[in-house]
There are 2 protein chains.
Amino acid sequence: MDGELKDVITNVQQMYRADAEKSKLTFKTSSNLGGRFRSDVQIREHEMIIDEPASIGGTDLGPSPVEVILAALGSCQEITYRAYATAMGIELDNVSVILEGDIDFRGFFAVDESVRPGFNKIRARVAIQSNASLTDLEKLRDAVNGHCPVLDILRNPVPVELDVVFNSSK
Amino acid sequence: MDGELKDVITNVQQMYRADAEKSKLTFKTSSNLGGRFRSDVQIREHEMIIDEPASIGGTDLGPSPVEVILAALGSCQEITYRAYATAMGIELDNVSVILEGDIDFRGFFAVDESVRPGFNKIRARVAIQSNASLTDLEKLRDAVNGHCPVLDILRNPVPVELDVVFNSSK
């Protein structure tokens, strides 16, 4: 068991119980259309290229936006398993996730306006390696699926405010 | 105007009108918890590291899952602007996006079960550079916001099927 990480989690929980304002965080990213479909993304000190495959006119220098959504879900499941296993004192040797997401591109390409442009369905296979009891692993799974941020973001609506500015000098 | 890209878009639309089955695509990713919170992601030939900041016990070798969600939205907006501007014959010099997403971490840390673990709200500032008329730019904006896959994925629920497997040899 990772005692140091368990202390980090316990300390964060105590801080949030003592002062709820400290729990309210804002994440920021920025990006720019550097090429035809290539988006150059800045996330704190991390840089990332998101692009489209050559088959639809991109330069394939990075994953596409919808693939990045799947990647975020897989990693968020894994990280949430690690955090909750540590907090609950349950042994966890490994977690890996395989994801599939179905899109009907008649939506994006405006061929059928009744078809949604995003994923119709996502399927995840989450593989857990652990010597813990089945009872403990089922408790862990239920705790993870109740608290995984990206799972919540995908399964439930997120209000998105769009402020579109034309030819601002800023 | 990018005539080659316009032809790609027109050809894809004609293919989907002729055979709707061709429009149904499945995207795949896989990932593995390589470190404490570090997730090693494979997306076709693209590799990506998703991690957590040191403040909550990570090694900060990459952006966090929720930051990656914001990045996907920004790039998807930009790519959808490029695609629709080209298809609609509207000049587009540049698009950039700044995103903010608010999370109350009492949700993830199980301090208050009434708080959702994901984003409460996302704010996007989308800056368009173009010499097109305001009327055209407003048409473009409305077309983009009606067809941007990641915007749809965030604003509307996506069914996620989770198959959790304990100690499978596969």
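This is a predicted model: local features need pLDDT of at least 70, side-chain atom pairs count only at pLDDT 80 or more; totals for chains, interfaces and linings use all residues.
Two strands are taken to pair if DSSP finds at least two bridges between them.

Strand β6 of chain A, residues 160-166, pairs with strand β5 of chain B, residues 121-129. Seven bridges join these strands, which run in the parallel sense. Within strand β5 of chain B, the residue opposite A:F166 is B:I128.

A second pairing links strand β1 of chain A, residues 24-33, to strand β4 of chain B, residues 94-104. This pairing is antiparallel and extends over nine bridges. Here A:K28 has B:E100, in β4 of chain B, as its bridge partner. In general, the strands of a sheet pair through backbone hydrogen bonds, in either a parallel or an antiparallel arrangement.

Both pairings belong to an open sheet of six strands with the order β3(A)-β2(A)-β1(A)-β4(B)-β5(B)-β6(A), in which the pairing is mixed. At the edges of the sheet lie β3 (46-50) and β6 of chain A, each of which pairs on one side only. On average, neighbouring strands of the sheet are turned by 20 degrees against each other, direction ignored.

The contact between the chains involves 104 residues from chain A and 104 residues from chain B. On the side of chain B that touches chain A, helix α2 of chain B (residues 65-88) contributes the most, with 14 residues. By residue class, this side of chain B consists of 57 nonpolar, 25 polar and 22 charged residues.

Notes:
Residues are numbered from 1 along each chain as its sequence is written. Chains are lettered from A and ligands numbered from 1 in the order in which they are written. Two residues are in contact if their C-beta atoms, placed from the backbone, lie within 7 Å. Helices (H or I, at least four residues) and strands (E, at least two) are DSSP runs, numbered from the N terminus. Ala, Val, Leu, Ile, Met, Phe, Trp, Tyr, Cys and Pro count as nonpolar, Asp, Glu, Lys and Arg as charged, and the others, Gly among them, as polar. Axes are lines fitted to C-alpha atoms, for helices over the stretch in contact, and angles run from 0 to 180 degrees between N-to-C directions.
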